[in-house]
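Subject: Structure for you to look at

Hi,

Here is the structure I promised to pass on. Have a look at it first, and my notes follow below.

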Amino acid sequence: MAQLATRNLGKKYSDTEVLKDINIEVEKGEVFTLIGPTGAGKTTLLRLLDLLDRPSSGQVYFNGMDVTGDNKNRLTIRRKMAFVLQKPAVFSESVYANVACGLQWRGTGRNITRKRVDEVLAMVGLTDYIHRNARTLSGGEVQRVAIARAMATEPEVLLLDEPTANLDPVSASRVEQLIGQIVSRYGTTIVMSTHDMAQGQRLASKIAVLVSGEVIQTGDSRQIFYSPLNRDIARFVGVENIIDGVITEREGDLVTITADNRSIEAVSGYGKGEKVSACIRPEEVTITLTGTSSSARNSFAGDIVNIQAYGSFSRVTIDCGFSLIALITTRSAAELALEKGKGVFVTFKASGVHIIKR
Amino acid sequence: MEELWQGLQKAVELIINLDPEVMEVVGRSLRISVTSSLLASVICIPLASLIHFRNFLGKRALINIIQTLFSVPTVIIGLFVFVFISSTGPFGSMGLLFTPTAMIIGQMILVSPIMLGLIISALSGVDTAIRDTALSLGASELQSIVVILKEARYAVIAALIMGFGRAISEVGCALMVGGNIRGFTRVITTAISLETSRGELELSIALGIILLLIALIINVALNRIQQR
């Protein structure tokens, strides 16, 4: 039985349908990640799960019990969960008071409260801040107080809304570590939202892709990142090369797709004549100066159209009949002396191509 | 000009020597206004929370009416209370007319709109995320309201002080339902009004200075609170 589940859950604000027919199942102890672009309805869904708002249709189940319209048990159920908002608000009191409040509201005794607060503050590394006014903390510290405050109540389910969205990279990775720690130490079920696909990949045991208020794919991170169901998901999870073509040959699992008079080999179950899109992640594409053979089945000659540096990585656009984007380290780009207009060879493996039916 | 100068000198003497009559009037003023303000806050804090946190038909209109009553003339409140507690009024038998109790009731009614209005706006000034955070950490509805009141505490205290300022400085209502009886219902403002009409300027000026001092103290307190 799933710890938290929804059946055809929907939410409307006046005439706008923010969520429709959401069916998810979150098992005990798993990290369930909602990924999707801003405005996809992630926050709305988390608020419905935490029973902060009421859905327009459908049900929320907690441990198999329908808790959607249950006014009597609403508080009891909500007290089994904790929700860290995207922009956590701290109460203008000491860090101690902020972390202790959830326990105080539950009528927990003073000694136990003190012990719990000490424990969670040590976990988030803010023990020395216990007497500070929470309003004077930095963004990353506030986020850690918010997580500590939520964990102090020992929730069965922890809901996190974009826990690292407003943080600098160092604070963000600290918070990510913290989430990992919570999972391994307490076995807390976590439902979190993020628009950072890489974060979803790092933390999640299960991912649901939410686009325009609908869950369009659910699976583990491998399935989502390497086998997206459609173009929208593919784009969103970072597949930058989507090439339309037709399957013209088939030999066992190996198919040949013809696109712009070029042939791309891929592994797919689709048959001859099928109109498909070939999805190639930019990091699957390698660049060489000589077209020496490798185990990769796809190799094309082309000219560099553009080079963009992203920190330690460079994004190289190559015109080889169709446009192909490769992600290589900036160091290797320099070693190969890549520049605009230079002729190169691009290669990728047949297994690096994911086929979507058009 | 000479008269004013002499009045000022004598007034300062009255204050420095802690003149019994002056002190008695000031003490009564403070007692009555503090009592009325405290009683009004006991009613206004929960009532303002109720208005703010509940959605009901005519909420906007009610808040508009409350804000309009910020500047209700004190004599209108005086008249209103008078009608109710005069010997022919519905509460006439209680013998409240021309007593400090009547003055307290009048001032409570007078300051309630200011307190209500300012507390409501103090509560709406609190980030909605505070309420969501409290609820999501397991607060009941009531506990979440207490959290929001706590967050708005400085603005709420400012609202209460504003109410007290209006109570201690009003004259119309105190005169009409208190009757300005010496040693019983005479307060700073009614005393100033009477003594001035009798030409006893030094006592009026002394009381005026004290009233201004009280106003100054209130203002300093308000400023300090608002700076938090």
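Accessible areas here come from the Shrake-Rupley method with a 1.4 Å probe, and for residues only the protein chains shown count as cover. On that basis, chain A has an accessible surface of about 16100 Å², and carbon and sulfur atoms hold 46% of that surface.

Some ground rules: this is a predicted model, where local features need pLDDT of at least 70, side-chain atom pairs count only at pLDDT 80 or more, and totals for chains, interfaces and linings use all residues. Residues are numbered from 1 along each chain as its sequence is written, chains are lettered from A and ligands numbered from 1 in the order in which they are written, and side-chain values use heavy atoms, with hydrogens and water left out.

Now for chain A itself. Its C-alpha atoms fill a box of roughly 75 × 45 × 35 Å along the principal axes. Of its 358 residues, 51% are buried (under 20% relative accessible area, 1.4 Å probe, protein chains only).

Then there is the meeting of the two chains. Chain A brings 24 residues to the contact and chain B brings 16 (contact means heavy atoms within 4.5 Å). About 1600 Å² is buried between them, 56% of it from carbon and sulfur atoms; this is the accessible area (1.4 Å probe) that two parts lose on being put together, summed over both.

The two chains also share 3 salt bridges (a side-chain nitrogen of Lys or Arg within 4 Å of a carboxyl oxygen of Asp or Glu). A salt bridge joins the side chains of A:R47 and B:D132, at 2.8 Å from N to O.

Cheers

Definitions and conventions:
Buried < 20%, exposed > 50% of the residue type's maximum accessible area, 1.4 Å probe, protein only.
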